[in-house]
Amino acid sequence: MPAAPTNQSGARTRTSELVALLRQQILSAQLKPGERLRFDELRQQMDAGMSPLREALTRLASDGLVTLEEHKGYRVAPVSRDDLLDIAQTRSDIEALLVKRSIAHGNDAWEGRILAALHELGKKNKLDINGEIDPLWEDLHQNFHSILVSMCPSSRLLQFRQILADQAVRYRRLSVKYLHEPRDDMAEHRAIADAVIARRADDAIELLRAHYMRTVEILLEEGAELFE
């Protein structure tokens with residue numbers, strides 16, 4: 001006789017839903033850096049059970065978006081000068097490896113995907129009418145950067161890169177609040193794409209590093225009060 005069905009699959013699905021919802025709220029700053037995450041409030045807001053909610057917070061903690069303090073519970077990970085620099089520098093180092101390996105394994109179809117992603121990104125305004133980063137632009141932006149390195153055969157490097165890319169979103173959203181002069185994001189992205197397609201690995205790596213560090217510079221120069 002076949003085994004009776006269990007609700008484990010349903011529990012995993014619910015946990016994944018909660019992870020996605022909490023991740024979106026953290027990255028969009030609906031849940032503020034350092035904000036305490038109270039189980040009772042989250043359970044009511046999300047109509048969630050204790051077990052899937054706890055598992056969701058544990059997953060987000062492993063991704064660095066949530067912290068667990070002994071005897072104090074979970075909080076949204078804070079922002080800091082050191083964290084900002086660490087994310088940007090580590091992300092640049094990892095993507096240097098990814099770019100080199102993608103260029104080594106790249107083909108015509110990959111080049112086409114880069115150009116298509118760049119074209120789609122260029123059709124969408126970065127900021128919405130409220131001066132916030134448009135969620136659709138963010139999706140297209142993430143897609144562009146993911147395709148650049150997608151030919152790297154190392155799944156572990158790609159996984160580490162995605163964790164850092166997610167953590168960088170909060171800082172990118174904060175940076176636009178302190179941008180006093182227009183930033184030509186498309187020129188930066190176009191230069192990166194051109195270097196990658198031309199197989200100029202060293203140039204592509206330096207352009208990516210400068211691209212990420214520009215966000216750091218904006219926050220450190222104009223948003224210093226965030227880190228006080």
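**Two loops and a helix pair**

User: Between which two helices is the loop where Arg-199 is found?

Analyst: This is a predicted model, where local features need pLDDT of at least 70, side-chain atom pairs need 80 or more, and totals for chains, interfaces and linings use all residues. Numbering starts from 1 along each chain as its sequence is written, and side-chain values use heavy atoms, leaving out hydrogens and water. Helices are DSSP runs of H or I with at least four residues, numbered from the N terminus. The loop holding Arg-199 sits between α8 (185-197) and α9 (201-222).

User: What is the phi of Arg-199?

Analyst: Most residues other than glycine have a negative phi. Arg-199 isn't glycine, yet its phi is positive, near 65 degrees.

User: Is Asp-47 buried or exposed?

Analyst: Asp-47 lies in the loop between α2 (39-46) and α3 (50-62), and its phi is positive too, near 50 degrees. Buried means under 20% relative accessible area, exposed over 50%, and partly exposed in between (1.4 Å probe, protein chains only). Arg-199 has 30%, so that one is partly exposed. Asp-47 has 68%, so Asp-47 counts as exposed.

User: How do α5 and α8 run relative to each other?

Analyst: Helix α5 (residues 108-122) packs with α8 at about 175 degrees, their axes 11 Å apart; axes are lines fitted to C-alpha atoms over the stretch in contact, and angles run from 0 to 180 degrees between N-to-C directions. Contact means heavy atoms within 4.5 Å, and among the residues that meet are Trp-110 and Leu-118 in α5, and Met-186 and Ala-193 in α8. Angles over 145 degrees count as roughly antiparallel (under 35 roughly parallel, 65 to 115 roughly perpendicular, the rest oblique). So α5 and α8 are roughly antiparallel.
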